Amino acid sequence: MNDSRNPAISLRKKPKQARSEASVSIILQAAIQVLAKEGASRFTTARVAEKAGVSIGSLYQYFPNKAAILFRLQSDEWKETTELLSRILGDTTTPPFERLRNLVHTFIRSECEEADMRIALDDAAPLYRHAPEARQARETGEKATQLFMQEVLPDADDTVRLRAADLIKTTMSALGKDFSQMPRSETEIAEYANAMADMFCAYLERLG
């Protein structure tokens, strides 16, 4: 029996053929539309199957429940964010603080552009928050951040670097979420991101 705090959220059947991959893609696109329209509280596998034009049985071949669908959408977002973070922070041809500024600007703009979807996924988070896959997903991207902090704070001890990384990550996420609650112009986004980047750079300079 599954623990209700640890629901099964992995794909039930791994798509190995192009047709199966296409089916999963259609289901996920339908899920995005249902989530955007109905929100997390009214999100059901039946609505997703109807929107995708597949039977509920066909949907269950790949996703055992709605938590699995929502987690896949969330994990795809996490993967995209992690790859973005790694790519920007890992670009050693760019000065460190410029990389940090680029990351802040890109992150805040992304938060504003995808606010509706992010809010809906945040509402659905209790469905998969305690699942092992969720814990694994939250751990990704840490290596890139740690390497960046070692580069920026070479003389600091690990405790200081870890605290700085956590503070920047938590602040950027919380303030980005709050800022994106209402529509923002490009000027507002740029000014807010600049102010946040100034704050982070000043903090790291002081630590260094």
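## Basis and overall fold

Two residues are in contact here when heavy atoms of theirs lie within 4.5 Å. On that basis, 72% of the contacts in the protein chain with a separation of 6 or more are made by residues 24 or more positions apart. The model is predicted, so local features need pLDDT of at least 70 and side-chain atom pairs count only at pLDDT 80 or more, whereas totals for chains, interfaces and linings use all residues. Residues are numbered from 1 along each chain as its sequence is written, and side-chain values use heavy atoms, with hydrogens and water left out.

The protein chain has 10 helices and zero strands, where helices (H or I, at least four residues) and strands (E, at least two) are DSSP runs numbered from the N terminus. Of its 208 residues, 38% count as buried, that is, under 20% relative accessible area, with exposed meaning over 50% and partly exposed in between (1.4 Å probe, protein chains only). The chain exposes about 12100 Å², of which carbon and sulfur atoms supply 51%, as computed by the Shrake-Rupley method with a 1.4 Å probe.

## Nonpolar cores

A nonpolar core is a set of buried Ala, Val, Leu, Ile, Met, Phe, Trp, Tyr and Cys residues joined through side-chain atoms within 4.5 Å. The largest one has 29 residues, and V104, I108, M149 and L204 have the most contacts inside it. At least two residues of this core come from each of α4 (66–89), α5 (96–113), α8 (142–152), α9 (158–179) and α10 (186–207), with α10 giving the most, eight residues.

Leaving aside residues up to four places away in sequence, L204 touches F97, L100, F148, M149, V152, L153, A164 and I168. Another core, of 22 residues, lies apart from the largest one and includes V24, L28, L35 and A124.

## Packing of α5 and α8

Helices α5 and α8 pack at an angle of about 140° with their axes 10 Å apart; axes are lines fitted to C-alpha atoms, for helices over the stretch in contact, and angles run from 0 to 180 degrees between N-to-C directions. In this contact P96, F97, R99 and L100 of α5 meet F148, E151 and V152 of α8, a set that divides into five nonpolar, no polar and two charged residues. Here Ala, Val, Leu, Ile, Met, Phe, Trp, Tyr, Cys and Pro count as nonpolar, Asp, Glu, Lys and Arg as charged, and the others, Gly among them, as polar.
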